[in-house]
Structure formats: structure tokens, C-alpha cells
Amino acid sequence: MHGVIFAIRLRQFFSVSRPHRAIRQYGSTAAVSVIVLMGLYILFRLTGNERAPTASAARRLAVSGLLISAPLLHGAAVYWPPLRDILGMVSLDADSWITILAASGLGMVTLHYLLQDEFRKRFLGI
């Protein structure tokens, strides 16, 4: 849920600085990038047991494959023209990536504390 809120806010931020038609595509691409980065953090954070040496080789390979392929596939979706056009994305510039990394970092810090066992039990009752 926090990732969705960050993505909406990031889309609103980008809507101020881009032409009208490109606003939606640019904002959507930036929002999806934030969600992808935060999703990778969650995947990394929650799959510690699957990446441990005691886990089966198939599990370690599957999780490692996801952690490696997801950013590559997202990069292809943003920068490879055929896939970019099909998905309705636009190429992002370096300034946008700085903002995306900052928003993702803020979301990751928030999620880090939400995923702590003590925090969940005390405040969320989970």
C-alpha cells in the first residue's frame, strides 16, 4: 500500500514539469519504477531463508533469478523501443532516476520498519 501511495505522489510530482501528453506516460513510468524497486527490496528482505545455504539449490536459483532478472526486464521495458511502445512507457533521464531512487529509498526505509517483527507485533498486531 505504501508503494502505491509513493507512486501516486511521484506521478503528481512529474506532472508539474512535463508537457501534458507526456505527463501521464512519464509519471506512470516513474511510478512503475518506484514500485519495481520497492518490490525488489521486499523480495530481498522476505526471502532470506530461501537464499540461505541451507535452502535447496532450486529455491536459491529461483530467488536469485528473480532478483537479477527483474531490474533487467524493467530496464528493457523503459529503454528498449519495441517493448517501451507496447507498454506505453517513456525513457527516463538521469534527473528522474535521482528522484525515483530517493522516493524508493524513502519507501524502503518505511517498509524496513514495517517489516520488523517487533514493530508489527506492537503497532499492527500481526
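Which residues are buried in H6? In this predicted model, the buried residues of H6 are Ser96, Ile100, Ala103, Ser104, Gly107, Leu111 and Leu114.

The buried residues of H6 fall within an arc of 100° when seen down the helix axis, so they line one face of the helix. The face turned away from this buried side carries the exposed residues Ala94, Asp95, Ile98, Leu101, Leu106 and Tyr113.

H6 covers residues 94-114, 21 residues in total. From its first C-alpha to its last, the helix reaches 30 Å, close to the 30 Å expected at 1.5 Å a residue.

## Ser104

Ser104 lies in helix H6 and has a relative accessibility of 1%. Because buried means under 20% relative accessible area, Ser104 counts as buried at that value. Leaving aside neighbours within four places in sequence, Ser104 is in contact with Val34, Leu37 and Met38.

## The largest nonpolar core

The largest nonpolar core of the protein has 14 residues. Val34, Leu92, Ile100 and Leu111 touch the most other members of this core. The elements that give two or more residues to the core are helix H2 (20-46), helix H4 (57-79) and H6. H2 supplies the largest share, five residues.

For Leu92, the contacts beyond four places in sequence are Tyr26, Thr29, Ala30, Ser33, Val78, Tyr79, Trp97 and Ile100.

## The protein as a whole

The protein has seven helices and zero strands. From the N terminus on, its elements run α-α-α-α-α-α-α.

Of the 126 residues of the protein, 27% count as buried. The accessible surface comes to about 8200 Å², and 68% of this surface belongs to carbon and sulfur atoms. Among contacts between residues at least 6 apart in sequence, 59% join residues at least 24 apart.

Methods:
Residues are numbered from 1 along each chain as its sequence is written. This is a predicted model: local features need pLDDT of at least 70, side-chain atom pairs count only at pLDDT 80 or more; totals for chains, interfaces and linings use all residues. Side-chain values use heavy atoms; hydrogens and water are left out. Helices (H or I, at least four residues) and strands (E, at least two) are DSSP runs, numbered from the N terminus. The expected span of a helix is 1.5 Å times one less than its number of residues. Buried means under 20% relative accessible area, exposed over 50%, partly exposed in between (1.4 Å probe, protein chains only). The arc is that of the directions from the helix axis to the C-beta atoms. Contact means heavy atoms within 4.5 Å. A nonpolar core is a set of buried Ala, Val, Leu, Ile, Met, Phe, Trp, Tyr and Cys residues joined through side-chain atoms within 4.5 Å. Accessible areas come from the Shrake-Rupley method with a 1.4 Å probe; for residues, only the protein chains shown count as cover.
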